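Subject: Handing over a structure

Dear colleague,

Please read them with the structure open beside you.

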Amino acid sequence: MYNRVSTGSTGECEHERLKVLKTWDSLQRLWRAHTKQIGDIDKVHDLMDDIAEQQELANEISGAISSPMGFGMDIDEDELLAELEDMEQEDIDAQILDIPESSIKSSIGTDS
């Protein structure tokens, strides 16, 4: 008497049970197809890592593009001028070293 549950006819219960089993079977097939397409969990982790790297790169590019060039940077003009003078002197020194020795002697007036 206590074990009976009034759920309607036995045919309706059987019909509902078949619907549940068919749905479950469909879900299992769908899951297998997706698993086959995606692969194992390592591939999923690799894919997620690749996406994270690409997103980080996109954020860096976005940050570089959006920040104004030179704005807010402390530039010491005297230091830049000194660096330019050093570079010019190095260029002059390199040109002097490229002059053949015979040209130097002839311009001084000594013949050896």
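On the surface, Trp24, Leu27 and Leu30 form a nonpolar patch, and together they have about 340 Å² of accessible area. A patch here is made of residues with over 30% relative accessible area and no salt bridge, like charges being joined within 9 Å and nonpolar side chains (Val, Leu, Ile, Met, Phe, Trp, Tyr) within 5 Å; accessible areas come from the Shrake-Rupley method with a 1.4 Å probe, and for residues only the protein chains shown count as cover. Leu30, one of the three residues of the patch, is found in helix 1 and is partly exposed, with a relative accessible area of 46% (buried means under 20%, exposed over 50%, and partly exposed in between, with a 1.4 Å probe and protein chains only).

Before going further, please note that this is a predicted model, in which local features need pLDDT of at least 70 and side-chain atom pairs count only at pLDDT 80 or more, while totals for chains, interfaces and linings use all residues. Residues are numbered from 1 along each chain as its sequence is written, and side-chain values use heavy atoms, with hydrogens and water left out.

As for confidence, the protein averages a pLDDT (the predictor's confidence in each residue, from 0 to 100) of 80, and 79% of the residues score at least 70. Among the elements, helix 3 has the highest mean pLDDT, 90, whereas helix 4 (residues 101-108) has the lowest, 68.

The protein contains 4 helices and 0 strands, where helices (H or I, at least four residues) and strands (E, at least two) are DSSP runs numbered from the N terminus. Just after helix 1, Gly39 takes a positive phi of about 100°. At the start of helix 3, a side-chain oxygen of Asp76 comes to within 3.3 Å of the backbone nitrogen of Asp78.

The structure holds 3 salt bridges, a salt bridge being a side-chain nitrogen of Lys or Arg within 4 Å of a carboxyl oxygen of Asp or Glu.

- Glu14 and Arg17 meet through their side chains at 3.5 Å, N to O; both lie in helix 1, 3 residues apart, about one turn of the helix, and Glu14 is partly exposed at 35% relative accessible area.
- Lys19 pairs with Glu16, their closest N and O atoms being 3.8 Å apart; because they are 3 residues apart in helix 1, about one helical turn separates them. Lys19 counts as partly exposed at 43% relative accessibility, and so does Glu16 at 42%.
- Asp25 and Arg29 meet at 2.7 Å, N to O, and lie 4 residues apart in helix 1; Asp25 is partly exposed at 34%, as is Arg29 at 47%.

Finally, for the protein as a whole, buried residues make up 0% of the 112 residues, and the accessible surface comes to about 11100 Å², of which 57% belongs to carbon and sulfur atoms.

With best wishes

Methods: A polar contact is a pair of N or O atoms within 3.5 Å; within protein, one must be able to donate a hydrogen and the other to accept it, and residues adjacent in sequence count only if both atoms are side-chain atoms.
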